[in-house]
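Open the model in a viewer and keep the selection panel at hand.

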Amino acid sequence: MSITDRINLRQDRRQWIKTSASLVGGSVLPLSAAAATAPALQEKPEGTMEPVPKPGAGAAKGSGRFFTPAQHAYVEELSETIIPADSHSGGAKAAKVADYIDQRLHDSQDEEEKAMWHEGMRLVDLMSKHFHKKSFVESSGEERIEVLKVLSDNAQMQELPEVRFFQALKHMTTQGYYTSKIGIHDELEYKGNRILQEYAGCDDPTPPSNA
Amino acid sequence: MSLPILMTESKTDSTEVADLTKTYDAVIVGSGAAGGMASHVLTSHGMKVLLLEAGKKLDIEQELRSMEWPYDNKHRGSLPPDQHALTFNEYTIRRPPYGPGFEKSKQLHSYIGDTDYTKNICVEERDNPYTGTNYAWVRARCLGGKTNIWGRLALRLSDFDFKAKDRDGFGENWPIRYSDLSPYYDKVDLYLGITGVKENLPHLPDSIFQRPTKLNCAEVTLKQSLAKMGRTLTQYRAGVTSDGLKHNKYRSRCYGRGACERKGGCDIHAAFDSPTGLIYPARDTGNLTIRTNAVVREVAVDPATGKATGVHFVDAITKRDYTVKAKVVIVAASTLESARLLLLSKSKMHPNGLGNSSGHVGHNFCEHIMGPGVYGRVKDLVGKPPTLDDGRPGGFYLTRFRNLQEKHPKFIRGYGFEGGAGCAMFPHGTDRPGFGADFKEEIRKNQGAYIGMGAFGEVLARYENFVDLDSTVKDKWGIPALRFHYKFGENEHAMAADMAETAQEMFNEAGFEIVHVTKRALTEGWSIHELGTARMGDDPKKSVLNQFEQSHDVKNLFVVDGSAFVNASCQNPTWTIMALCWRSCDYLADEFKKGNL
């Protein structure tokens with residue numbers, strides 16, 4: 001039975017939000033604290049096809065300007081959970097979706113949107129700790145899916161910031177992924193945007209005549 | 001295969017300078033479809049013409065960048081986040097002017113300016129305020145205007161439209177019939193190029209088409225199913241040259257490169273735009289002078305004769321005021337801007353605005369209602385290898401079927417659907433529920449299986465839908481703003497409900513799985529097909545212009561854009577604007593030579 005089936009998000013969220021408030025006084029510390037103690041960012045969810053980065057590759061990550069390096073690593077895992085690598089093509093991480101999101105948020109004039117991302121990331125991490133005793137980054141692929149599924153399955157609860165965050169995350173991830181080289185060429189194998197001799201189309205049994 | 005070398009405009013802008021000391025044979029206000037066509041026709045008759053454009057001349061290929069990959073663009077083709085384009089909700093909830101509340105955005109655009117390719121073509125909303133009822137007014141102030149980004153659907157009107165009053169008693173008939181305009185549609189077809197398929201429909205006459213592109217499989221399925229219902233689906237009739245135009249060195253034939261669905265124009269100009277299709281060839285005659293950044297604020301009038309003597313304009317950059325003299329004034333500033341200019345041009349002899357003795361300027365304002373539609377999935381196509389479905393100027397057009405032979409009990413007039421199916425650069429279905437491996441795979445497997453269509457219907461031309469001036473609000477150049485008094489009525493709402501119903505019915509009949517039905521109409525103005533604010537007619541008491549788009553009141557004043565329309569029909573207006581304009585300018589040049597103007 002999945003988490004979604006056994007909880008009422010609207011009511012039960014108090015449990016993990018309260019816990020966090022009593023522990024750290026409601027500050028944004030949980031996120032940075034979790035990231036600081038995250039043992040191995042390069043740890044991959046099971047079953048993904050992405051090669052494990054070489055030691056040191058993580059240093060280039062987080063070069064964006066909205067997210068801290070730890071937040072950047074967290075968004076990479078969030079986006080990869082939305083669009084994972086599979087046997088067909090690379091996922092959001094390989095397509096550098098976190099860089100795209102970082103750029104969009106950095107350039108955004110919308111302070112509410114920026115705050116919503118920070119708040120959403122904090123709340124997702126609290127959920128992860130509540131259900132799995134681990135930060136989102138430390139969790140396994142299956143555990144990550146379990147947490148995001150709660151938000152995906154409760155899409156109608158628009159008043160909850162974590163639900164709105166999930167939708168923004170999903171929207172930004174699909175936007176970033178399907179406009180990337182990997183998304184367009186490897187995943188979708190898009191055939192256009194090149195000079196064409198003749199449009200193939202379909203054989204119409206009643207072919208048109210302009211005669 | 002190699003691409004032909006196209007003549008491109010020099011990057012140095014010579015369009016800022018014009019000799020304002022001489023008297024031109026004609027001055028044209030506006031450089032879109034109408035102003036471009038007037039330039040072409042009048043210069044071909046040997047008249048010396050000055051063309052005024054309120055905006056600048058853009059380096060348009062640099063704006064459009066039709067083959068740029070999203071990942072090579074800093075914002076993946078989206079609007080930079082420090083700019084904002086108005087959304088459906090904002091248009092619906094807020095009342096115009098739409099400037100207040102967006103102070104943080106460096107630029108504020110209409111909804112069509114929401115891409116990196118269209119942002120500089122559309123105006124800054126805050127420089128160009130308007131008031132009154134909600135209206136998504138899209139304006140493109142630059143050489144060529146909205147033709148730089150138009151949707152390219154190029155349809156003819158028929159006597160079902162020109163003589164619509166004879167059929168249902170509503171409104172007025174046009175002062176012309178199809179046979180008057182048909183030769184001019186032919187000229188437009190041949191001069192600018194159009195792709196499509198002959199269907200021999202009385203309500204949607206055929207053009208002289210160049211090579212058509214094929215429908216794809218989902219579209220053929222729908223076409224065959226519709227044929228059984230007595231309805232016609234045909235290839236998108238696009239104002240795009242598929243065979244090329246030997247007489248035009250600025251335009252290439254269509255190479256089906258794909259990504260044509262991207263809002264924005266065509267940087268090889270296979271799709272018609274006014275500069276390469278009309279204005280540059282007109283300038284090559286030596287008879288055309290172009291002055292950009294010229295915001296016309298008034299048509300000048302001789303107080304003794306009441307005739308037009310030229311125009312007053314403000315330089316958009318320096319805000320200096322200029323006057324230029326001309327023997328004939330041609331207003332082609334777009335339906336709403338043309339009405340505004342006439343209303344602004346008040347004088348002793350024309351106290352209600354120029355050419356407005358009838359009181360009809362600004363009234364009978366009409367357009368197309370859009371929004372209702374359907375999109376669905378063709379199950380047979382799920383999981384098939386990706387196809388190239390956007391390497392063509394458009395998908396399909398489903399022609400009008402209401403109020404042709406029988407009478408609909410709830411509304412008069414008709415609507416058609418624009419649609420398409422298949423793969424696109426950005427996949428359909430990313431709004432599906434869920435996430436993760438299944439989500440990704442479903443998007444991939446379904447990318448070629450989607451088919452969608454949306455309706456465009458006639459909004460009745462009613463006197464009580466109108467625009468006037470709001471002198472309490474002024475634009476950046478101190479010119480009074482336009483105020484809207486405009487709402488969809490009962491007929492439109494009944495028609496919109498029918499659109500959503502028939503759309504579902506037709507998809508069900510074709511065996512498509514319906515994924516989403518849109519019942520709600522978009523905000524007034526969304527179709528960007530505003531028409532009718534200075535309508536033609538035989539009776540000067542009930543119309544502004546005669547059948548040659550000549551003012552009943554002022555002989556040497558012509559209004560040659562969409563404002564001349566008597567009703568909106570349900571067909572997209574650009575081709576008709578140009579055919580009418582060609583006919584009117586032939587008449588104008590003839591009268592000019594005879595000394596009758």
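Start by selecting Gly595(B), which follows α12(B) and has a positive phi, near 75 degrees. Helices are DSSP runs of H or I with at least four residues, and strands are runs of E with at least two, numbered from the N terminus. This is a predicted model: local features need pLDDT of at least 70, side-chain atom pairs count only at pLDDT 80 or more, and totals for chains, interfaces and linings use all residues. Residues are numbered from 1 along each chain as its sequence is written, chains are lettered from A and ligands numbered from 1 in the order in which they are written, and side-chain values use heavy atoms, without hydrogens and water.

Next select α12(B) itself. Of its 21 residues, 16 are buried (under 20% relative accessible area, 1.4 Å probe, protein chains only).

Center on Met453(B). Its contacts (heavy atoms within 4.5 Å), not counting residues up to four places away in sequence, include Leu222(B), Leu398(B) and Phe417(B).

Now select Leu398(B), which stands opposite Phe417(B) in β13(B). Three bridges join the antiparallel strands β12 (residues 396–398) and β13 (residues 415–421) of chain B; pairing requires at least two DSSP bridges.

Finish with the open sheet of six strands in chain B, ordered β6-β12-β13-β14-β11-β17 with antiparallel pairing. Its edge strands are β6 (233–235) and β17 (513–518).

Note on methods. Buried < 20%, exposed > 50% of the residue type's maximum accessible area, 1.4 Å probe, protein only.
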